[in-house]
Amino acid sequence: GEYTVNEDVEINKTISIQGYRPADKPILKGLVLKVKAGAGLTIKDVIMDGAGNSSQNQSIFYDEDLNTAYGELFIENSEFRNYVKGLLYVNKKVRISKVTYSNNLIYNIECSGGDFIDFRNGIVDELYFRNNTVYNSALARDLFRMDAGGSTNFPGITSKIYIEQNTFHKILDGNSRRMLYVRLASHQIYFNKNIVSESLGLHSNQATTTITQMQQNNYFNSPNYTGSTTSNAKNDTGNFTLLNPQFTNPNGGNFTIGNLDLKLNEIGAARWRN
């Protein structure tokens, strides 16, 4: 069913929010989660719809400084839509041990007043963003933002960021908008087997951004990821392709791939390769 919340709800101990039937996900309207007190959080098999929340916050934000690490944030097989400011916000002195987004549909995340995944003064030890579909989002902002404030608050932490086998469509609508706005003192980025479609953005224009591995990505009508002339641009110079994925109905949210090469090489989110 559908549950109208329209509030910011505090999470101050480790919990799970999980739908009973994965094929019939409950819809949580206007729910924003404020994580505090070192809590861990699991979200699985639900639809979170930000429409109706008056605070217009990100779907999840961390709201309390802590010297020790927060528990794991694990999000799987869910949908996130219609959040105004972004998806995840960490502007406090927060260290999260592990963040996982796996097999989710994420769309209509406007990013007005914030970036898509936005770490300002916090840091994550390991971020896994895999097999997700992101579309019509972050058109005027950056996608993955991790500022140097996280390294200032937690020196000595090397943040490992894995962005792999995702489908990105109509994101970053401008040649100054970055996929990877990462300025942590020590980090590693692995960007592999993703589809980026109909995007004017670029990977990064920051000299401090460190891309450890970039392989087998496909860019369709997204020229600045491979050929940006912006100062300090981090272009993909590996074994990328520029194939038309031949999506079934992208305007309707159906990104089933018609291109056999992309299917056989397992490029993009798995749900669209069957």
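Predicted model: local features only at pLDDT ≥ 70, side-chain atom pairs only at ≥ 80, totals over all residues.

Visitor: How many helices and strands does the protein chain have?

Guide: The protein chain has three helices and 22 strands. Its radius of gyration is 18 Å, close to the 19 Å that the globule rule gives for 274 residues, so the chain is as compact as a globular protein of that length.

Visitor: And what does the C-alpha trace span?

Guide: About 45 × 45 × 30 Å along the principal axes.

Visitor: What share of the residues is buried?

Guide: Buried residues are 53% of the 274 in the protein chain. As for the accessible surface, the total is about 11100 Å², and carbon and sulfur atoms account for 41% of that.

Visitor: OK, the inside then. Which residues touch the most other members of the largest nonpolar core?

Guide: Those are I60, Y101, F116 and M179, in a core of 59 residues. Strand β3, residues 27-35, gives the most to this core, with five residues.

Visitor: What about contacts across the whole chain?

Guide: Take the contacts between residues at least 6 apart in sequence: 75% of them join residues at least 24 apart.

Visitor: Where is A270 found?

Guide: A270 is in the segment after α3, the helix at 260-264. With 30% relative accessibility, A270 counts as partly exposed.

Visitor: New topic: what's up with the phi of A37?

Guide: Phi of A37 is near 60°, a positive value in a residue other than glycine. Most residues other than glycine have a negative phi. A37 is in the loop between β3 and β4 (41-44), and is partly exposed at 45% relative accessible area.

Visitor: And K193?

Guide: Phi of K193 is also near 60°, and K193 is not a glycine. Look for K193 in the loop between β19 (187-192) and β20 (195-197).

Visitor: Last one: how many positive and negative side chains are there?

Guide: There are 27 positive and 26 negative side chains, and the centres of the two sets lie 2 Å apart.

Definitions and conventions. Residues numbered from 1 in each chain as written. Heavy atoms only, no water. Core = buried A, V, L, I, M, F, W, Y, C linked by side-chain atoms within 4.5 Å. Buried < 20%, exposed > 50% of the residue type's maximum accessible area, 1.4 Å probe, protein only. Helix = DSSP H or I, 4+ residues; strand = E, 2+ residues; numbered from the N terminus. Rg over C-alpha atoms; globule rule 2.2 N^0.38 Å. Contact = heavy atoms within 4.5 Å. Areas by Shrake-Rupley, 256 points an atom, 1.4 Å probe, with all protein chains shown as cover. Lys, Arg positive; Asp, Glu negative; His and termini not counted. Charge placed at Lys NZ, Arg CZ, Asp CG, Glu CD.
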